[in-house]
Each structure stands twice: as C-alpha cells, then as structure tokens.
Amino acid sequence: MNNLPPRRRFRVVARPKDRVRRVRVLAAFAVVLVLGAVAFVTVHKLASEFGAGLFPNGVYGSRASTPYGAAVVIVEGPEPLRARAQAAANSVPGTAGDKAEALKARFAAISDIRVRRNWTEKTATLTLIVRRAVAAATRGGKPAGFLGADGVVFAAPEGVFNMTGPSVEVAGASAGELLALAREWPLFAAAGSFPAALKGMSYGSPENGWEANLIDGTKVQWGRLEWTREKLARLTQAVADARTKEPGAFSADLRWFEDGKVLLKPYQGKLR
C-alpha cells in the first residue's frame, strides 16, 4: 500500500516580459518567411523571362502578335524621328538594350536613349534623347545636316528640326573649332549682335579662323573665336561710324583685335 502523499503538479506561467519576447520572435520569423517567398517568386519570374529571351522582335501596339516571353517595345520621341525609330526597333532582334544600341548607331540625331521596362506588362519604353541643333550646316555649299550644341555635325530626318536662322559652312573646320563655334553661337545668332543680321559663318584656315557674312553684304574676318562680346560691340560701333560717312556694305577684319585693331573698308566684292 502506497502511503506516499500525492505529488503536487506545478503550472509554469511565463512572465509578461517573456511572452512579449516570444511573440516578437515568432513575428520576425513570419516576416522572414514572407519576404523569402516574395523574393523567390520575383527571382523565378525574372529568370524565366530572361531564359525566354526578353524583347525579341516586339511589335508596337500589337500584343496579340507578340510571342510568349517577348515584350512590346514602345519608342517615344519627336516625329518623324519617332516613327522611323519605331520601325527600326521592330526590325531589330534582341533585348530592349540591344534595340536601343541599334537605334543610336542608325540615327545620328539620337544622342542617347533611356530604357524603361514594365516587368508586369512585359513592355519596354525607349525614350529618344535628341541632339540639340544650333544651326543648319553645309559642306562645300551643300546641305550637311545640322551643327549640334556638342559640336557634332549630324543628319536628321526632314521635319525634326526647323532651322530658319543663319547657317554654318563646316568644311575644313576641326572638331574643336566646331565645338567652340557651337558654344559661341547663341551670341552670334542673337538679334542685334551684328550691324546687320548674320547670314552665315564659314571656316577659312587655322591662321585666319572664321568668317562671318551678313545679309547686307558685309564680310567680317572674325579670326579666332575669342573676345566674342567685345568684338561684336566694337564692330557694331565701327560700322555705325563708317556709315555716317559712306553707306553700303563693308569688309571688316577683326583678326588683330587683341592688338586693338579693327580694320574696316567699303566692300568691293560681289554680294552673296
């Protein structure tokens, strides 16, 4: 006969601080599981898309004709360059990046392209960054496209730029000279900068520099692209003084402006 007293059962109750700690641990564990699941799904989706070959031969505006795993490539930019670039992008195989590189190589008017991808809709938007043209360019008297603000002479589809101001004859000018001219061009082309409106500028030689032709027939041997504001002010003053004595066109020489010389005489040549 067991005369031992019955064993007393003890109930262990966690303290409030311990319960809060356990809840936090379980919540953190749950968050980690959720984030891991989201990361797994995202990586799996991206891997499947890259494996299928992103953006091959996307057709603008026609998702029904786009094969599974491909994307619609949409080109944004000024017309008519946008339409031509869209057609070119549709014909180029590869990713959106491949198409962007092909467009930059094919169209000199494009300086860069921003690529924006919409992974959920499987679309890619290529936004064209077009060069800023400062003047129409000629080479040997024939149209040669445009002089860009970066000094690059480039062609562009008709209608992209509407340049009605003075033009630049770029034959013989180096890349450095063209860049310098592009930087000074806003001063040259501004209304009232010259005694008469500027018709165009052409490059002579490293020794003689640039020449400016005005619409009234005045010819200006400009020389190096230095002291632009000062030369413009002094030329306007000198021509105004000369016209009080003898009206007409003049031939001006500013090549020795640094020495304080502004040579001016009536122009005897044939007006262009």
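User: Which residues in α2 meet which residues in α3?
Analyst: This is a predicted model. In it, A85, A88, A89, N90 and S91 of α2 meet K99, L103 and R106 of α3. By class, that contact has 4 nonpolar, 2 polar and 2 charged residues.

User: What is the angle between the axes of α2 and α3?
Analyst: Roughly 130 degrees, and the axes come within 9 Å. Helix α2 covers residues 81-91 and helix α3 covers residues 96-106.

User: Is the crossing of α2 and α3 left-handed or right-handed?
Analyst: The crossing of α2 and α3 is right-handed.

User: What about α4 and α5, at what angle do their axes cross?
Analyst: The axes of α4 and α5 cross at roughly 25 degrees and come within 10 Å. Angles under 35 degrees count as roughly parallel, so α4 and α5 are roughly parallel to each other. Their crossing is right-handed.

User: Which residues make that contact?
Analyst: On the α4 side they are E184, L187 and F188, and on the α5 side T228, R229 and L232. The classes are 3 nonpolar, 1 polar and 2 charged.

User: Moving on to the backbone. Where is there a cis peptide bond?
Analyst: A cis peptide bond joins E79 and P80, with omega about 0 degrees. P80 sits in the loop between β1 (72-76) and α2.

User: And which non-glycine residue has a positive phi?
Analyst: W227 has a positive phi of about 55 degrees and is not a glycine. W227 is in the loop between β10 (219-223) and α5 (228-243).

User: Is W227 buried or partly exposed?
Analyst: Partly exposed: the relative accessible area of W227 is 46%.

User: Now A197. Where does A197 lie?
Analyst: A197 is in the loop between α4 (175-189) and β8 (198-205). A197 counts as partly exposed, at 43% relative accessibility.

User: What does A197 touch, apart from residues up to four places away in sequence?
Analyst: A197 touches L214 and I215. A197 and L214 are 17 residues apart in sequence, and their C-alpha atoms are 5.7 Å apart in space.

User: How about V134, buried or exposed?
Analyst: V134 counts as buried because its relative accessibility is 12% and the cut-off for buried is under 20%. V134 belongs to strand β4 (residues 133-139).

User: Which residues is V134 in contact with, leaving aside neighbours within four places in sequence?
Analyst: L147, G148, A149, M163 and W185 are in contact with V134. Separately, the C-alpha atoms of V134 and A182 are separated by 6.9 Å, and these two residues are 48 apart along the chain.

User: Zooming out, how many helices and strands are in the protein chain?
Analyst: There are 5 helices and 12 strands. The chain has 272 residues, and 34% of them count as buried. Taking contacts between residues at least 6 apart in sequence, 47% join residues at least 24 apart.

User: What is the mean pLDDT of the chain?
Analyst: The mean pLDDT is 79, and 72% of the residues reach 70 or more.

User: Where is confidence lowest, and where is it highest?
Analyst: Confidence is lowest in helix α1 (residues 16-52), at a mean of 52, and highest in strand β7 (residues 167-169), at 96. Over residues 46-70 the pLDDT is below 50. Beyond near neighbours in sequence, residues 46-70 have 50 contacts in the model.

Definitions and conventions: Residues are numbered from 1 along each chain as its sequence is written. This is a predicted model: local features need pLDDT of at least 70, side-chain atom pairs count only at pLDDT 80 or more; totals for chains, interfaces and linings use all residues. Side-chain values use heavy atoms; hydrogens and water are left out. Axes are lines fitted to C-alpha atoms, for helices over the stretch in contact, and angles run from 0 to 180 degrees between N-to-C directions. Helices (H or I, at least four residues) and strands (E, at least two) are DSSP runs, numbered from the N terminus. A crossing is left-handed if the near helix is turned anticlockwise from the far one by less than a right angle, and right-handed if clockwise. Contact means heavy atoms within 4.5 Å. Ala, Val, Leu, Ile, Met, Phe, Trp, Tyr, Cys and Pro count as nonpolar, Asp, Glu, Lys and Arg as charged, and the others, Gly among them, as polar. pLDDT is the predictor's confidence in each residue, from 0 to 100. Buried means under 20% relative accessible area, exposed over 50%, partly exposed in between (1.4 Å probe, protein chains only). Angles under 35 degrees count as roughly parallel, over 145 as roughly antiparallel, 65 to 115 as roughly perpendicular and the rest as oblique.
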